[in-house]
Amino acid sequence: MTTTQRPRVPIKPGYFTIPDDPQQPPKLLGTKCNDFSEHYFPRRAICARPECLSENTADVELGPRGTLYSYTFVHLPLFGSSNMEHAEGYGVGQVDLPEGPRVQLPLAGKQGEFKIGQTLEAELNTLREDGASDIVIVRFRPLEG
Ligand SMILES: [Zn+2]
């Protein structure tokens with residue numbers, strides 16, 4: 001992975017961190033219900049459990065690793081991307097985070113690299129350039145071995 005000095009800007013604020021150190025993986029921005037210790041992604045102000053609905057929630061960081069529960073491969077260019085790597089299509093995975101939530105996010109890698117149950121790690125990926133900045137998305141890449 002090449003490192004860049006260009007500022008990285010999230011495609012949408014409030015969903016993932018952008019570490020100062022480009023070697024560090026991003027984390028997902030989630031919510032924890034303090035009454036039942038449940039975690040949610042994306043963030044929410046009120047617990048989603050109907051019997052709870054607590055507002056006693058806290059912002060937490062989730063990941064950066066998870067387990068691939070299911071995936072599909074989309075044979076279309078990733079919308080809004082000028083990154084040539086996205087032109088052939090991309091994987092979309094349902095990833096179980098160790099904290100509990102199952103999240104659906106793009107995958108990094110080729111179709112044959114994905115296996116149910118494998119460990120993945122979040123990474124930032126440039127979608128396109130915007131002036132001096134790189135617009136980035138978060139996606140999950142299979143870990144080696
Ligand atoms: Zn709750």
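**Exercise 1.** How many helices and how many strands does the secondary structure of the chain come to?

*Solution.* Begin with the ground rules. The model is predicted, and local features need pLDDT of at least 70, side-chain atom pairs count only at pLDDT 80 or more, and totals for chains, interfaces and linings use all residues. Residues are numbered from 1 along each chain as its sequence is written.

The chain has zero helices and nine strands. Read along the sequence, this gives the pattern β-β-β-β-β-β-β-β-β.

**Exercise 2.** Compare the radius of gyration of the chain with that of a compact globule.

*Solution.* The radius of gyration is taken over C-alpha atoms, and the globule rule is 2.2 Å times the number of residues to the power 0.38. For 145 residues the rule gives a value near 15 Å. The chain has 16 Å, which agrees. As for its extent, the C-alpha trace spans about 45 × 35 × 25 Å along its principal axes.

**Exercise 3.** State what share of the contacts with a separation of 6 or more joins residues 24 or more positions apart.

*Solution.* Two residues are in contact if their C-beta atoms, placed from the backbone, lie within 7 Å. Among the contacts in the chain with a separation of 6 or more, 52% are between residues 24 or more positions apart.

**Exercise 4.** Locate two cis peptide bonds, one ending at Pro42 and one ending at Pro64.

*Solution.* Take Pro42 to begin with. Its cis bond comes from Phe41, with omega about -5°. Pro42 sits in the loop between strand 3 (38-40) and strand 4 (57-62).

Then take Pro64. The bond from Gly63 to Pro64 is cis, with omega near 15°. Pro64 lies in the loop between strand 4 and strand 5 (65-74).

**Exercise 5.** Are Ser37 and Leu53 buried or exposed?

*Solution.* Recall the cut-offs: a residue is buried if 20 or more other C-beta atoms lie within 10 Å of its own, exposed if 12 or fewer, and partly exposed in between, with C-beta atoms placed from the backbone.

Ser37 has 9 C-beta neighbours inside 10 Å, so Ser37 counts as exposed. Ser37 is in the loop between strand 2 (28-33) and strand 3, and its phi is positive, near 55°.

Leu53 has 11 such neighbours and therefore also counts as exposed. Leu53 belongs to the loop between strand 3 and strand 4, and has a positive phi of about 50°.

Most residues other than glycine have a negative phi.

Terms used: Helices (H or I, at least four residues) and strands (E, at least two) are DSSP runs, numbered from the N terminus.
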